[in-house]
Amino acid sequence: MAITVKVVKRSDSTMNKETYLPQIFKGMGVTIRHFFRNVFGGRDTQTLKYPEEKIAYPERFRGLHRLNHRPGTDGRVRCVACMLCPTVCPAHCITVVAEDTGDPSIEKAPALFEIDELRCVVCGLCVEACPVDAIRMDTGVHMKPVSFRGDAILGKVDLMKLGTDSRAVQGGKGGDWRGA
Ligand code: SF4
Ligand code: SF4
């Protein structure tokens, strides 16, 4: 069988096509136009000079977790170790170990409360699930970069440092939870 060779016609070669000079100058023109517009106009600038400039977060922005305190006490944690947040967490990043408080009106409190912020997917379900407004993500604070994975696990003390008293009304009426 005879071998046939298909000859592909080369397109006309020109100086412009070979050197890409028109395209390079066109691209440089766009870059220079944006440079001067951003430096002197600032209209379309999408970047912030962080940390001097910070973006205003929306009210429902989910930041780092915090654990609220029980009002009227010496800063005890509001969490009653009900296990709802570790149960609902899709990332399985919350660990709660309950202990008996010795107070029959509270019954349980977390002996250990840890959140692995590296595994957290910031879904907010833990906050939604909590029946006593013990956990929130309204800090407006990002997780700081860490060098070791273990440093991303925040314990009860870390989480309570960001916490405040909560006077949430349970069930929408009847006053604050447990009258605190
Ligand atoms: S925000 Fe979502 S993923 Fe993160 S700890 Fe809460 S439930 Fe888990
Ligand atoms: S933080 Fe809220 S949901 Fe989680 S264990 Fe404590 S009381 Fe339950």
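Phe40 counts as exposed, at 65% relative accessibility (buried means under 20% relative accessible area, exposed over 50%, partly exposed in between, with a 1.4 Å probe and protein chains only). The model is predicted, so local features need pLDDT of at least 70 and side-chain atom pairs pLDDT 80 or more, while totals for chains, interfaces and linings use all residues. Residues are numbered from 1 along each chain as its sequence is written, chains are lettered from A and ligands numbered from 1 in the order written, and side-chain values use heavy atoms, without hydrogens and water.

Helices (H or I, at least four residues) and strands (E, at least two) are DSSP runs, numbered from the N terminus. Phe36 is partly exposed at 44% relative accessibility. Phe35, Phe36 and Phe40 form one aromatic cluster.

Three aromatic pairs were found in a search of the whole structure. The ring centres of Phe36 and Phe40 lie 5.9 Å apart with the planes at 10°, so this pair is stacked. Rings of Phe, Tyr and Trp (its six-membered ring) pair if their centres lie within 6.5 Å; planes under 30 degrees apart count as stacked, over 60 as edge-to-face and the rest as tilted. Tyr57 and Phe61 also form a stacked pair, with 4.0 Å between centres and 10° between planes. Tyr57 is partly exposed at 37% relative accessibility, as is Phe61 at 22%.

The protein contains five helices and five strands, in the order α-α-β-α-β-β-α-β-β-α from the N terminus. Of its 180 residues, 27% count as buried.
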